[in-house]
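Please read them alongside the coordinates.

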Amino acid sequence: IAVSGCQTSNDELSPNEFTEQFVNDFFSFKYDENLNETESYSHLIEDLKPYFTEEGYNTFTKNNYGFLPIEASEKYKSDITVNDIQLKELFNDETEVGYNVDVELQLPSDVATVNLTLSICKEDNNWKVYAIQISTIDEF
């Protein structure tokens with residue numbers, strides 16, 4: 001019997017729905033003046049861990065990608081929200097899907113765009129991110 005580390009099952013989600021949900025949860029960040037960046041980072045990566053395979057999570061944390069929305073939130077002392085997500089499918093073989101993703105983020109007086117590539121796979125009947133790379137980020 002396989003046991004999944006996911007808090008909620010995502011096996012009913014399409015690959016696109018899973019990817020959009022992950023991107024929203026990753027980049028949408030509520031500003032909290034009572035938490036420092038390290039505490040915020042610890043909370044964020046723990047909340048995002050169920051989205052990843054072990055390898056994907058290691059890449060995500062090794063590259064400190066979780067600090068991106070936190071640093072923007074700290075700089076503007078404001079929440080960061082996702083305005084728009086554009087997915088371009090790079091490959092799809094039913095158990096693995098790759099995407100180029102453009103994310104438009106709402107800042108207090110501006111918008112910023114982040115481009116990333118990510119690959120997802122089925123693991124224990126759940127979609128998981130196994131590879132992620134952030135390509136370009138507008139200056140926050």
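**Notes on the sheet, the core and the charged pair**

1. Cys-121 has Lys-128 as its bridge partner in strand 4. The model is a predicted one, and the points that follow should be read with that in mind. Strand 3 and strand 4 run antiparallel and are joined by 10 bridges. The hairpin that they form has two residues between the strands, and Asp-124 in the turn has a positive phi of about 55°.

2. The sheet as a whole is open and has four strands in the order 1-2-3-4, with antiparallel pairing. Its edges are strand 1 (81-92) and strand 4 (126-137), each of which pairs on one side only. From one strand to the next the twist averages 25°.

3. Strand 1 and strand 2 also run antiparallel, with 10 bridges joining them.

4. Which residues touch the most other members of the largest nonpolar core? They are Phe-22, Phe-26, Phe-27, Phe-52, Leu-116 and Ile-132, out of 37 residues in that core. Two or more residues come from each of helix 1, helix 2, helix 3 (54-62), helix 4, strand 1, strand 2, strand 3 and strand 4. As background, nonpolar side chains tend to be buried together in soluble globular proteins.

5. Apart from its neighbours within four places in sequence, Phe-27 is in contact with Pro-69, Ile-80, Val-82, Val-103, Leu-105, Val-114 and Leu-116. Leu-116 is itself among the core residues that touch the most other members.

6. Searching the whole structure gives 10 aromatic pairs. In one of them, the rings of Phe-26 and Phe-60, the centres are 5.1 Å apart and the planes are at 75°; the angle is over 60 degrees, so the pair counts as edge-to-face. This pair links distant parts of the chain, with Phe-26 in helix 1 and Phe-60 in helix 3, 34 residues apart. Phe-26 counts as buried because its relative accessibility is 0%, and Phe-60 is likewise buried, with a relative accessible area of 0%.

7. Ring pairs also build a cluster, made up of Phe-18, Phe-22, Phe-26, Phe-27, Tyr-51, Phe-52, Tyr-57, Phe-60 and Tyr-65. Phe-22, Phe-26, Phe-27 and Phe-52 were named above among the core residues that touch the most other members.

8. How many salt bridges does a search of the whole structure find? The search finds one. It is formed by the side chains of Lys-30 and Asp-79, at 3.1 Å from N to O. Lys-30 lies in the loop between helix 1 (15-27) and helix 2 (37-48), and Asp-79 in the loop between helix 4 (67-76) and strand 1, so the pair ties together parts that are 49 residues apart in sequence.

How values were computed. Residues numbered from 1 in each chain as written. Predicted model: local features only at pLDDT ≥ 70, side-chain atom pairs only at ≥ 80, totals over all residues. Heavy atoms only, no water. Pairing = 2+ DSSP bridges. Axes fitted to C-alpha atoms, helices over the stretch in contact; angles between N-to-C directions. Salt bridge = Lys/Arg side-chain N within 4 Å of Asp/Glu carboxyl O. Core = buried A, V, L, I, M, F, W, Y, C linked by side-chain atoms within 4.5 Å. Buried < 20%, exposed > 50% of the residue type's maximum accessible area, 1.4 Å probe, protein only. Contact = heavy atoms within 4.5 Å. Phe/Tyr/Trp six-rings, centres within 6.5 Å; stacked < 30°, edge-to-face > 60°.
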